[in-house]
Amino acid sequence: MNMILLGAPGAGKGTQAELLAQRLSIPAISTGNMLRDAMANGSELGKQVRTYMDGGLLVPDELILSIVADRVAQPDCSNGFILDGVPRTLAQAEALDQKGIGIDHVVSLEIDDDVIERRMTGRRVCSHCGSSYHIDAHPPKTAGICDQCGGELAVRKDDAPETVRRRLEIYHQSTEPLKDYYARSGKLRILDGSQSIEDVQQSILKAIGDLV
Ligand code: ADP
Ligand code: ADP
Ligand code: ZN
């Protein structure tokens, strides 16, 4: 079960990927979380990507492809994985195919840009494990603390309204065309991302044949 979650920034990919990972017992792979970890660790990769990430720009394809190829080759991915936030360009999608990283399902979470801009102002992420929360729609049990790991919740620098608008533009320009790419191979399912977190989860499970 190798699957891709597509969707604009804030569409709910990370939230749904975590729920799917628990249910299906396969890892959720978030390139955004991996890159934020790299920045927090002060690694060479982290230094290379900071300007792109803070500015809401895409990190170059070669860097992304190398971290993803390494990650899916790990033993815990042998029964499948959920890709959250990758591929984001046609070149990344083609490279996954060329590397023989087969994909079974592609789910695109659709949501209007103005709803996203409102969602992002309430997003809080765990600075330790990357879990995603929302102050109203998905609050943690204790304010400011991650339910999963007890880590501290923070606002992402790139969730500032102006940067969100830039990320949305880049999504429409560079990532949305991937829907056509995966529609051609019959793998794409388009779902309404504006439903509640639980309802989106149910529709994903239905789309991948896990629920009847
Ligand atoms: P969101 O969940 O809001 O869509 P992510 O956490 O997936 O955001 O990504 C945050 C940032 O990390 C992006 O704006 C970009 O700079 C970088 N990034 C993550 N994944 C990729 C990717 N596949 N290709 C290029 N850049 C990426
Ligand atoms: P992405 O990974 O696509 O950028 P997230 O999963 O981080 O998106 O969700 C963005 C924000 O919206 C977070 O604050 C999250 O808690 C919240 N959120 C996610 N799904 C929903 C939903 N169905 N309804 C309302 N808020 C949601
Ligand atoms: Zn955490």
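Glu117 forms a salt bridge with Arg165, and their closest N and O atoms are 3.3 Å apart. The pair ties together distant parts of the chain: Glu117 sits in helix α6 (residues 113-121) and Arg165 in helix α7 (residues 161-175), 48 residues apart. Glu117 is partly exposed, with a relative accessible area of 29%. Arg165 is also partly exposed, at 41%. The model is predicted.

**Salt bridges**

The model holds 9 salt bridges. One of them joins the side chains of Glu110 and Lys179, at 3.0 Å from N to O. This pair, too, links distant parts of the chain. Glu110 lies in strand β4 (residues 105-110), Lys179 lies in helix α8 (residues 178-184), and the two are 69 residues apart. Glu110 has a relative accessibility of 24%, so it counts as partly exposed. Lys179 has a relative accessible area of 14% and is therefore buried. The limit for buried is under 20%.

A further bridge connects Arg167 and Asp158, whose side chains meet at 3.8 Å, N to O. Both of these residues are buried. They also belong to a network of salt bridges that links Arg123, Arg156, Asp158, Asp159 and Arg167.

Helix α6 also contains Val115. Val115 is partly exposed, with a relative accessible area of 25%.

**The zinc site**

Which residues coordinate the zinc ion (ligand 3)? The SG atoms of Cys126, Cys129, Cys146 and Cys149 do so, at 2.3 Å. The angles among the 4 donor atoms run from 98 to 115°, and the site is tetrahedral. That assignment follows because four donors count as tetrahedral if all angles lie between 85 and 135 degrees. Along the sequence, the donor residues follow the spacing C-x2-C-x16-C-x2-C.

Cys126 has 5% relative accessibility, so it counts as buried. Cys129 has a relative accessible area of 34% and is partly exposed.

**Ligand 1**

There are 20 residues around ligand 1. Thr31, Arg36, Leu57, Gln92 and Arg167 come nearest. Arg167 is also a member of the salt-bridge network. Helix α2 (residues 31-41) gives the most to this shell, with 4 residues.

Nitrogen atoms of the ligand take part in several polar contacts. One lies 2.7 Å from an N or O atom in the side chain of Thr31. The backbone contributes as well: a polar backbone atom of Val59 is 3.0 Å from a nitrogen atom of ligand 1. For Gly85, the distance from a polar backbone atom to a nitrogen atom of ligand 1 is 2.9 Å. On its own, ligand 1 has 560 Å² of accessible area, and the protein covers 97% of it.

**Ligand 2**

Around ligand 2 there are 18 residues. Which of them come nearest? They are Gly10, Thr15, Arg123, Ser132 and Tyr133.

Contacts to oxygen atoms of ligand 2 come from both backbone and side chain. A backbone N or O atom of Gly10 lies 2.8 Å from an oxygen atom of the ligand. In Lys13 a polar side-chain atom makes the approach, at 2.8 Å from an oxygen atom of ligand 2. Gly14 places a polar backbone atom 2.8 Å from an oxygen atom of ligand 2. Taken alone, ligand 2 exposes 560 Å², of which the protein buries 92%. The elements that give two or more residues to this shell are α1 (13-24) and β6 (132-134).

| Ligand | Ligand atom | Residue and part | Distance |
|---|---|---|---|
| Ligand 1 | nitrogen | Thr31, side chain | 2.7 Å |
| Ligand 1 | nitrogen | Val59, backbone | 3.0 Å |
| Ligand 1 | nitrogen | Gly85, backbone | 2.9 Å |
| Ligand 2 | oxygen | Gly10, backbone | 2.8 Å |
| Ligand 2 | oxygen | Lys13, side chain | 2.8 Å |
| Ligand 2 | oxygen | Gly14, backbone | 2.8 Å |

Definitions and conventions:
Residues are numbered from 1 along each chain as its sequence is written. Chains are lettered from A and ligands numbered from 1 in the order in which they are written. This is a predicted model: local features need pLDDT of at least 70, side-chain atom pairs count only at pLDDT 80 or more; totals for chains, interfaces and linings use all residues. Side-chain values use heavy atoms; hydrogens and water are left out. Donors are N, O and S atoms within 2.8 Å of the metal (3.2 Å for Na, K and Ca); water is not among the atoms, so sites may look incomplete. Four donors count as tetrahedral if all angles lie between 85 and 135 degrees; four count as square planar and six as octahedral if opposite donors are over 155 degrees apart and all others between 65 and 115; anything else is irregular. Buried means under 20% relative accessible area, exposed over 50%, partly exposed in between (1.4 Å probe, protein chains only). A salt bridge is a side-chain nitrogen of Lys or Arg within 4 Å of a carboxyl oxygen of Asp or Glu. A residue is near a molecule or strand if one of its heavy atoms lies within 4 Å of it. A polar contact is a pair of N or O atoms within 3.5 Å; within protein, one must be able to donate a hydrogen and the other to accept it, and residues adjacent in sequence count only if both atoms are side-chain atoms. Accessible areas come from the Shrake-Rupley method with a 1.4 Å probe; for residues, only the protein chains shown count as cover.
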